[in-house]
Amino acid sequence: MDEMRKNRERELILWGGRAVGPPKRKDRVAFWIKLIVICCLAFCLALALAFAVSGHGGENGLWEKLCGFAFGNGFIFGDEGFDKSEQTSPKEEDQTEGITTEAEIESDETEEQEERTETEAENESSSVIASDFSEAEKGDGYLLNYSDRKFDIEGLLEMGFHAEYYPESPAPMVLILHTHTSEGYSDFDSDDPTSVLTASVVAIGEALTTELNRAKIPTVHCSVIHDDDGDAYQNAAETIEMMLKIYPTVEYVIDLHRMELTDAQGNLVRTCSAKQTAQLRMTVSTAGVLTKGTLSLAMCLREELNGGGARVCMPVVLTDSEYNAAGSMYYLKLDVGSLGNSSDEARAAVALFAEAFAEIIVG
């Protein structure tokens, strides 16, 4: 009896915690099918979990660690190896095609900087052109007449200019002002408030005032701003009227400006005399009280300034434009250099103007 019981126990199978007898053939097939399905599902779940954790199968991800034993460092196809580390997929080629290395970026930046430096040097050398506008070959009496009036220039030069001069009187003879007060030179810095005192027409007007006073020609300088609001010439006319009431002895009004000359390509032009100064240009209006006398003064000044081939002064301009000539005896619109000139070149030019003016007025 004991032997039979032992044989019976050996035939039992533990299934789901229950002791059952040997399964029939049909049950055994179902059993193995279930077992295989369960194992497949478990394996797929494990693969999915590994794929998610690894970050889509990154090179150092869990997927690689789990499958590395099968693939090694590359995918194996038969006897020939396909090394993933030495190949790049088309997608990867597209992603890396537009990527530039740090060395290449530095090289490109260096080349661009060199090209930019060369361009800036070329622009610096070509953007400001030195030119002589004195028209010396036309003769000392050359005049640009844009008015309807005709004058005997040779006769004016032969006659000369005769002024009344009182050497002992401190009363001002000359008034200097600026219709366009904000005009500056090449070294003018709009971000620096002190540039007005060093590199603007106001600074040049102050320099001319100093030179004339040094030459014993009493001069006052007005630095009132006229071009910040409204009509600059109308504003300047009111200033001239007021100043002539304060200083009734003033005979000469010099409205000091700066030109802005450019060539056909738009490059700034730097006026240059034989003495390496900025060049001057005087404009006379036919609306003045003493047009003939003012024109004579301007022509004599030009002859004095250009003596010895100095070529400091451009041709005198005669125009019907009024400017502010009607408010004074002798009114000169004096342009000192161009935007391409430095303030030092402008100062050197007005020093020569003061010398020529003193030669004519004082003698």
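Biologist: In which helix is the place of Trp-32?

Modeller: This is a predicted model, and in it Trp-32 belongs to helix α2, which covers residues 25–53. Together with Leu-35 and Ile-36, Trp-32 makes a nonpolar surface patch of about 310 Å².

Biologist: How is a pair of aromatic rings described?

Modeller: Two values are used: the distance of the centres and the angle of the planes. A search of the whole structure gives six aromatic pairs. One of them joins Tyr-233 and Tyr-323, with 5.5 Å centre to centre and 45° between the planes, and is classed as tilted.

Biologist: Which parts does the pair of Tyr-233 and Tyr-323 tie together?

Modeller: Tyr-233 sits in helix α9 (residues 232–246), while Tyr-323 is in the loop between β12 (316–319) and β13 (330–338), so the contact links parts that are 90 residues apart in sequence.

Biologist: How many salt bridges does the count come to?

Modeller: A side-chain nitrogen of Lys or Arg has to be within 4 Å of a carboxyl oxygen of Asp or Glu. By this rule there are eight salt bridges. Among them is that of Arg-214 with Glu-211, where the closest N and O atoms are 3.0 Å apart. Both residues are in helix α8 (residues 201–214), three residues apart, or about one turn of the helix.

Biologist: What lines the second largest pocket?

Modeller: The lining includes Lys-275, Glu-304, Leu-305, Leu-352 and Glu-355. Two elements, α10 (291–305) and α11 (343–361), each give two or more residues to this lining. The most come from α11, with four residues.

Biologist: How much space lies in the second largest pocket, and which classes of residue does its lining have?

Modeller: The space is about 160 Å³. By class, the lining has five nonpolar, four charged and one polar residue.

Key:
Residues numbered from 1 in each chain as written. Predicted model: local features only at pLDDT ≥ 70, side-chain atom pairs only at ≥ 80, totals over all residues. Heavy atoms only, no water. 1 Å grid on protein atoms, 1.4 Å probe; cavity = no way out; pocket = protein on both sides within 12 Å on 5 of 7 lines; lining within 4 Å. Points joined across faces, edges and corners; volume = space filled by probe spheres on them. Nonpolar A, V, L, I, M, F, W, Y, C, P; charged D, E, K, R; others polar. Patch = residues over 30% accessible without salt bridge, like charges linked within 9 Å, V, L, I, M, F, W, Y side chains within 5 Å. Areas by Shrake-Rupley, 256 points an atom, 1.4 Å probe, with all protein chains shown as cover. Phe/Tyr/Trp six-rings, centres within 6.5 Å; stacked < 30°, edge-to-face > 60°.
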